[in-house]
Every structure is written in structure tokens, then in C-alpha cells.
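Keep the 3D view open as you read.

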Amino acid sequence: MDTIYMDNACTSFPKPPSVAAAVCDFIANYGVNINRGSYGPAYEMENVVYQTRVALSRLFGYSDCKNVIFTANITTSLNMVLKGLLRPGDHVLVSSMEHNAVMRPLVQLTGDGVSFDRIPCTKQGELCLKDAEALVRPNTKAVIMTHASNVCGTVMPLTEVGDFCRRHGLTFIVDSAQTAGVLPIHMEDMHIDALCFTGHKGLLGPQGIGGFIVTDELAARIQPLISGGTGSLSHSEDVPDFLPDKFEAGTMNLPGIIGLHASLNYLLEEGITTIYEKEMALTRRFLDGLSTIPDLLVAGKQDTEQRVAVVSVSSSSKDNAQIAFELENQYGILTRVGLHCAPWAHKTLTTFPTGTVRFSFSHYNTEDEVDKAIAALHAICE
């Protein structure tokens, strides 16, 4: 039985062939560290890392590549930004659709005197931005918000939120886990102060590499969560105060960065708009097919406007875990079932506590695979 992978919101698969080739070449033929080795191969790899920073700054609309900080993943990035920035007495706003990568650090910080309010969203996952005005307090410091829901795929209006933050003098921090490499993001036009990203989803890179891009003004206010050797200012035991060294202590994940460099080149060649349009065509085909299965309810939006290729469904008569089990064991279709690390999003969508079966598509998926998923759901749910 062939396997059909439909869990790209978790991790994209397959990757472009160039990604594995680049990682393998580095491990087999280089294997060096950077910022430490004063020899040719190390300098060569330093240049690849630099070019990766350049590509990311261009992709995300920021003018200075030194402000690209590499981390292990977007969860690490969000922890570094939130825990390095927020102080006792600070108040922040989030949406009601946030992932635990945002919420768990914030809930932790409430023990230190940080507080938050949730901007409400509709049952389609759409932000009620007008309700945010009443939530702003004198001690409100920031808005932290996902760009698109990992549960239902609804896209948040970053430009409007950025304007809201600018009017109120608030820092704007964005979780781009579901949109980096999928939708256009321009930090400067959208007034984003920190954009957190991960490499292993829409950017089509390996696991274990992510980062954030931060403005100079915000970087000066963030205390490093991790400190140590950087290869720079080795005569001093003080943390460097310049970027990216301030936030990049220790040996970097060079295989991950090299793989990300290859995937960014692939995205540049293919074009993220072309990729997105194919994913939306598959999503539209899937939603049309779901409309013929009365037992299944689609969480959130029923169309392809202002969304990414993430579709969650639940059954009115059958256990969701059983559906996911049968999809894999009888049809080879791999999905994700449960609450997807976003309990409040499910409360907003009225799918808590049972959760959903989530399908998430890549441009590598095919119409035939979508049709097989629809046929499988018909067989399982009717």
C-alpha cells in the first residue's frame, strides 16, 4: 500500500531533492564549524550561512541580514523573544487562535507578573480586531499573533494588526509557522518588530533549524536567553551587544542551515505564489469533496479565501481517532488527529475537547491523492 502524506502543517514532506543533497555534502565533505576555524572550508561555510541570512531577509522584507538570528525552531525563537523582552507588570495581547508555542511561554510568564488578554475570533477563526481597542491598557507592551491557524488555516490580517500596533505604540511579534514560504510577508511594510520562523514547514528545509528576524530597536530591549561562546570578542566574558552574535551562542546547526539554504533556492526558483496557488487548488478540490459527506463537519472557513492549505474535519457520529487510524491502516493516508497544540483555537472553533482530523497539503500532493482521501472518508464515514 502506497503512503499518502497529508501532514504538512506539522512538517513538510517530501523536501526538494537538493535539500538532502546539500546536507549530505556538508556532512561528508566539510563538517567544519564557523566563526572559530581560520581556514578555507570554514570561510566557505561562513559565506553559505551569510547567503542564507540574505535570502531570509529578502524573503521577509527586512533590509539588514545581520538581524536574522538562527535558532533550533520557531518555539525556541518565540521563547527567546518573549522571555527576553517581557518584564513583571507587562501586559500583552494575543489572538484566540494561538499555538502553545506562544501560549505556554506566556502562561509561564504570568508567574512572573506578566498578563495577557485574547483578542476574540469568530467561529471561522477570523480576527475581531475591532474588539482589541478595548483590551489595550496603559501597561500593554506587545501583540503576539500567529499569521495563520495551524488548526483551520485561517489567515490573520497582519497589515491591519501592524497598523493597530503602530497607532498604540505596541511591539508586534509574529508567529509565521504556517505561512513562512507560503504567503508573502514584508516586515517593514507590515510594521513587524520580530518575525519568528521555522525551516521545516513551508520553507521546505530540515527539522531543527529556525530563527527570528528582529529590528535593531527591539533587539536592544531583549535580554539573551542563552549565552556562551560566539567566536567573537573572545577576550571578554561579556555577551556581545551586536547582532547576530548577541543571540547566537554556541555551535550552530550548520547542516540545518545548509539544507535551509538549498530549500530557499528552490522556493526562489519555483516561486511561492506558484506553490501557494497549487496548494489552494488542492484545498478547493478537497473542500468540494467534503461537501458530499454529511457526517463530516469542516472547522472554520468553508472556502479558500484568506487561508492556507490546512483543513480540519470532525465526525458527528464516529471517533476522530478511529477515523485517523483507519485512514492510515486501510488507505495509507497520514493525517494528524487531536487538539494540535492549540486548545483555545479549538474552543474558538467549537471543536474542543474532541479535536479534529487535520489534513494539510503540499504542492507535492496530487489531485489523485486528494480524490483518494475523499473516497476513503466516504467509505469510513458512511
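## Ground rules

Contact here means heavy atoms within 4.5 Å. Helices (H or I, at least four residues) and strands (E, at least two) are DSSP runs, numbered from the N terminus. Buried means under 20% relative accessible area, exposed over 50% and partly exposed in between (1.4 Å probe, protein chains only).

This is a predicted model, where local features need pLDDT of at least 70 and side-chain atom pairs count only at pLDDT 80 or more, while totals for chains, interfaces and linings use all residues. Residues are numbered from 1 along each chain as its sequence is written, and side-chain values use heavy atoms, with hydrogens and water left out.

Let's start with α4 (residues 100-110), where Asn100, Ala101, Val102, Met103, Pro105, Leu106 and Leu109 are buried.

## Helix α10 shows one face

α10 covers residues 320-331. Its buried residues are Asn320, Ile323, Ala324, Glu326 and Leu327. Looking down the axis of α10, they fall within an arc of 165 degrees (taken from the directions from the helix axis to the C-beta atoms), so they line one face of the helix. As background, an α-helix has 3.6 residues a turn, so residues three or four places apart point the same way.

What do they pack against? The partners of α10's buried residues include β10 (310-315), β13 (356-360) and α12 (367-381).

## Where α1 meets α8

On the α1 side (residues 17-29), the contact uses Ser18, Val19, Ala22, Val23, Phe26 and Ile27, and on the α8 side Leu254, Pro255, Ile258, Gly259, Ala262 and Ser263.

Zoom in on Ala262, which sits in α8. Ala262 is buried, at 10% relative accessible area. Setting aside neighbours within four places in sequence, Ala262 touches Ser18, Val19 and Ala22. Val48 is 214 residues from Ala262 in sequence, yet their C-alphas are 9.9 Å apart.

Most residues other than glycine have a negative phi, and most peptide bonds are trans. The Phe13 to Pro14 bond is cis, with omega near 0 degrees, and Phe352 to Pro353 is cis too, with omega near 5 degrees. Pro14 is in the loop between β1 (4-5) and α1, while Pro353 is in the loop between α11 and β13.

Leu204 has a positive phi near 65 degrees, and Gln306 has one of about 50 degrees. Buried or exposed? Leu204 is buried at 5% relative accessible area, whereas Gln306 counts as exposed at 53%.

Conventions:
Axes fitted to C-alpha atoms, helices over the stretch in contact; angles between N-to-C directions. Expected span 1.5 Å × (residues − 1).
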